[in-house]
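Visitor: I have a structure to look over and would like a guided tour. Could you walk me through it?

Guide: Gladly, let us bring it up and take it piece by piece.

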Amino acid sequence: MFFAFETVSNAILQSLKFCGNITTKVHTYLCDINWTLSGTKCYYISSKATEVSWAGGRAMCQNMGVDLVKIESREEQDFFFNKISDRDWFWIGLTDSQTEGDWRWTDGSSLNKNLTFWNKEPDDWKGSGNDHPEGEDCAIILKGSTKDKSWADIFCSSRNGFICETEANCQHQ
Ligand SMILES: [Ca+2]
Ligand SMILES: [Ca+2]
């Protein structure tokens, strides 16, 4: 396993958190190369060249042994909002494809209605001329009007980037 030591920049060092038993040695959170550390989580934000369906994005994460991101705090939301560009859309691990209107994360947990960042959504749009009768059942994060308004439901078959999440490694130093 490779660790992205170069990502431990001064900026990250200042926000470094310690994990494990710190009585004898320093242990710090680190991520694999090409992943980004924030808090105690590592995130993989796909490149613009990789645009896939929601299921395709989830499969890409699962091939790496992880899953699509679950946004569980304002800090996490702010992190992505600051990280992504104005033009790009990224799948998050949120869908109502099982039951319309019942938004669930990929681990099966319900969306906390007190912690959502929809931008005038979800609207389950069915396309112009009803050409998508299945409606919009998969969620993306994008640069909305404000930090609090940057999620949308779109067609699961549309092609976008994706964000994977996993727990950070605890690394002895
Ligand atoms: Ca829907
Ligand atoms: Ca929508």
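**A tour in questions**

Guide: By class, two nonpolar, four polar and three charged residues make up the lining of the largest cavity. Please keep in mind that this is a predicted model.

Visitor: Which residues line the largest cavity, and what is its volume?

Guide: The lining includes Ser-46, Ser-47, Lys-48, Thr-50 and Glu-51. Asp-88, Trp-89, Phe-90 and Gly-161 are also part of the lining. The space inside the largest cavity comes to about 40 Å³.

Visitor: What is the overall order of helices and strands in the protein chain?

Guide: The protein chain has three helices and 10 strands. Of its 173 residues, 40% count as buried. From the N terminus on, the order is α-β-β-β-α-β-α-β-β-β-β-β-β.

Visitor: Which residues of the largest nonpolar core touch the most other members?

Guide: In soluble globular proteins, nonpolar side chains tend to be buried together. Here the largest nonpolar core holds 20 residues, and the members with the most contacts to others are Trp-91 and Phe-162.

Visitor: Now the metals. Which residues are the protein donors of the calcium ion (ligand 1), and how are they spaced in sequence?

Guide: The donor atoms lie 2.3 to 2.9 Å from the calcium ion (ligand 1).

Visitor: Why does the pair Asp-96 and Asp-124 tie together parts that are apart in sequence?

Guide: Asp-96 belongs to the loop between E5 and E6, while Asp-124 belongs to the loop between E6 and strand E7 (138-146), so the parts tied together are 28 residues apart in sequence.

Visitor: Which residues are the protein donors of the calcium ion (ligand 2), and where do Glu-136 and Asp-153 lie?

Guide: Glu-121 (OE), Asp-123 (OD), Glu-136 (OE) and Asp-153, through both O and OD, lie 2.0 to 2.4 Å from the calcium ion (ligand 2). Their spacing along the chain is E-x1-D-x12-E-x16-D. Glu-136 is buried, and so is Asp-153. The pair links distant parts of the chain, 17 residues apart: Glu-136 is in the loop between E6 and E7, and Asp-153 in strand E8 (residues 149-154).

Visitor: What is the peptide bond from Glu-121 to Pro-122, cis or trans?

Guide: Most residues other than glycine have a negative phi, and most peptide bonds are trans. Pro-122 is placed in the loop between E6 and E7, and is partly exposed at 36% relative accessible area. With omega near 0°, the bond from Glu-121 to Pro-122 is cis.

Visitor: What are the phi values of Lys-120 and Asp-124?

Guide: Lys-120 lies in the loop between E6 and E7, and Asp-124 is found in the loop between E6 and E7 too. Lys-120 is exposed, at 78% relative accessible area, whereas Asp-124 is buried, at 13%. Neither is a glycine, yet phi is positive in each: about 55° for Lys-120 and about 50° for Asp-124.

Visitor: How far apart are the C-alpha atoms of Gly-101 and Pro-122?

Guide: Gly-101 is in the loop between strand E5 (90-95) and strand E6 (104-105), and is partly exposed, with a relative accessible area of 48%. Gly-101 and Pro-122 are 21 residues apart along the chain, and their C-alpha atoms are separated by 8.4 Å.

Technical notes: Residues numbered from 1 in each chain as written. Chains lettered and ligands numbered in written order. Predicted model: local features only at pLDDT ≥ 70, side-chain atom pairs only at ≥ 80, totals over all residues. Heavy atoms only, no water. Helix = DSSP H or I, 4+ residues; strand = E, 2+ residues; numbered from the N terminus. Buried < 20%, exposed > 50% of the residue type's maximum accessible area, 1.4 Å probe, protein only. Donors = N, O, S within 2.8 Å, 3.2 Å for Na, K, Ca; no water. 1 Å grid on protein atoms, 1.4 Å probe; cavity = no way out; pocket = protein on both sides within 12 Å on 5 of 7 lines; lining within 4 Å. Points joined across faces, edges and corners; volume = space filled by probe spheres on them. Nonpolar A, V, L, I, M, F, W, Y, C, P; charged D, E, K, R; others polar. Core = buried A, V, L, I, M, F, W, Y, C linked by side-chain atoms within 4.5 Å.
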